[in-house]
Amino acid sequence: MVSKAIIGCQWGDEGKGKIVDLLAKDSDLIVRFQGGANAGHTVVVNGKEHISHQVPSGLLYEDKIGLIGDGCVIDLDALRKELDQIGKGSKIFIGDRANLVLPHHKRMDELQEETRKKGIGTTRRGIGPCYSHKAGRMGLRICDLDDKNIGDRIDEIYPFVKDFTTRESLLDYCMDRKNLVEGRTVSTPNFLMENRGLDILFEGAQGTMLDVNYGTYPFTTSSNTTVGAICTGCGVPPSFIDEVIGITKAYTTRVGEGPLPTELRDEMGDHLREKGGEYGATTGRPRRCGWLDLVVVKHSLAINGFSSLVLTKLDVLSGLKEIKVCTRYDCQGEEIESFPANLSLLDECSPVYERFRGWDQKLEYKLPKEARDYIDYIESCLGVDVSMVSVGKGRGEIITNESWS
Ligand code: GDP
Ligand code: IMO
Ligand code: MG
């Protein structure tokens, strides 16, 4: 009877999927509340990799229930693929108010990327156009698929999208796929209220720095990725959320364009990418890598109010002589500790680093002193406990703070 939110602290790919899978063991219901098939969440069990885009992680346990809330955007083709993989009998439900990602959204995403002077490097999954149309009230929703008046609704939106689709193909698209959600469609707020007695995990997608308000706009995704999006995306009050767990990679990565203050465009960056397997789970693109940036994690903490942190991929730092952590920025001669909104100002900022000794040992059970120093420093800078560190891809490769402290 506890609900926990799992939120990425950086630019996504922090290892949320792995931690959701871990916590899912003791949970009943796993809920996505924002984003769409732009997400790529990896879970590795017995050496086999499972990547989910549209459906929540944690459904590898057969008895778990999945819910895709109203704040998500639904790509029915991605959903079909994942339902086929997980099994059609799986208990996956979908909010009736969630907007649909339609084929014209993907075409618009492509065109917008090509038209922009500076591309964002989107996943080209149609996310931006879909959320724009949602806000512009020219989208279709899950509940429209089952509406006998869907033709009228298509007539209403058609004038806005006619350069990208035909009325018939839009109708055919919906009719061909409506059976996918039959028997799975629910009212998200009612479903959650009725299941208040279950242990619930809210699985964030993307990360705080990709939030459309608080990230590095315009180099962000198009949804709110932070804890508040659970309330707006699922129709539940803030009191519904008991714990907020921040997932922080032990270094920083980003895929796509936009600022990354601690980026390493050198051999160390290449080393982190290769050792960490930093290639996008959705697009396969190489991820840009850099040192851990605590200015970013502090920004994330302020917005999400984490009860605890999980530090992932600590094993990737093993074997380094020296590890750096950015604690503040030097901005035109002045030191700042808060993340600027203005990207021109951010451009003028250079990271100020603290240096730590590395370690060579394999990370298990009792962590080496140097790794504990690294964690202690992060905890003292942020004033939040690191409850677990993840030290490998596999399900069991996790160390809890009871064993190292
Ligand atoms: P998500 O989007 O936050 O779920 O993260 P991704 O799945 O996109 O990217 C995380 C990658 O790191 C995946 O390939 C995971 O299998 C892998 N991973 C997760 N935790 C660890 C860890 O502690 N150590 C290592 N080496 N890999 C990890
Ligand atoms: P998970 O959930 C990392 C990035 C894209 C691009 C920007 C906008 O796996 O952490 P979009 O397609 O959303 O319009 O792209 O956001 N992006 C992600 N980066 N992890 C993700 O998801 C991402 N989802 C989107 O690369 O820079
Ligand atoms: Mg990912």
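Local features were required to have pLDDT of at least 70 and side-chain atom pairs pLDDT 80 or more, while totals for chains, interfaces and linings use all residues of the predicted model. Residues are numbered from 1 along each chain as its sequence is written, chains are lettered from A and ligands numbered from 1 in the order in which they are written, and side-chain values use heavy atoms, with hydrogens and water left out.

Of the 19 residues around ligand 1, those coming nearest are K16, T42, K313, D315 and S390 (near: a heavy atom within 4 Å). Oxygen atoms of ligand 1 lie 2.5 Å from a side-chain N or O atom of S390, 2.8 Å from a side-chain N or O atom of K313 and 2.8 Å from a backbone N or O atom of G17.

K16 belongs to helix α1 (residues 16-24); helices are DSSP runs of H or I with at least four residues, numbered from the N terminus. K16 counts as buried because its relative accessibility is 3% (buried: under 20% relative accessible area, 1.4 Å probe, protein chains only). Leaving aside residues up to four places away in sequence, K16 touches I6, G8, H41, G204, A205, Q206 and I247 (contact: heavy atoms within 4.5 Å).

Helices α3 (residues 103-115) and α4 (residues 127-135) have axes that come within 7 Å and cross at roughly 115°; axes are lines fitted to C-alpha atoms over the stretch in contact, with angles from 0 to 180 degrees between N-to-C directions. In this contact, H104, H105, M108, D109 and Q112 of α3 meet I127, P129, C130 and H133 of α4.

Methods
Helices (H or I, at least four residues) and strands (E, at least two) are DSSP runs, numbered from the N terminus. Buried means under 20% relative accessible area, exposed over 50%, partly exposed in between (1.4 Å probe, protein chains only). A polar contact is a pair of N or O atoms within 3.5 Å; within protein, one must be able to donate a hydrogen and the other to accept it, and residues adjacent in sequence count only if both atoms are side-chain atoms.
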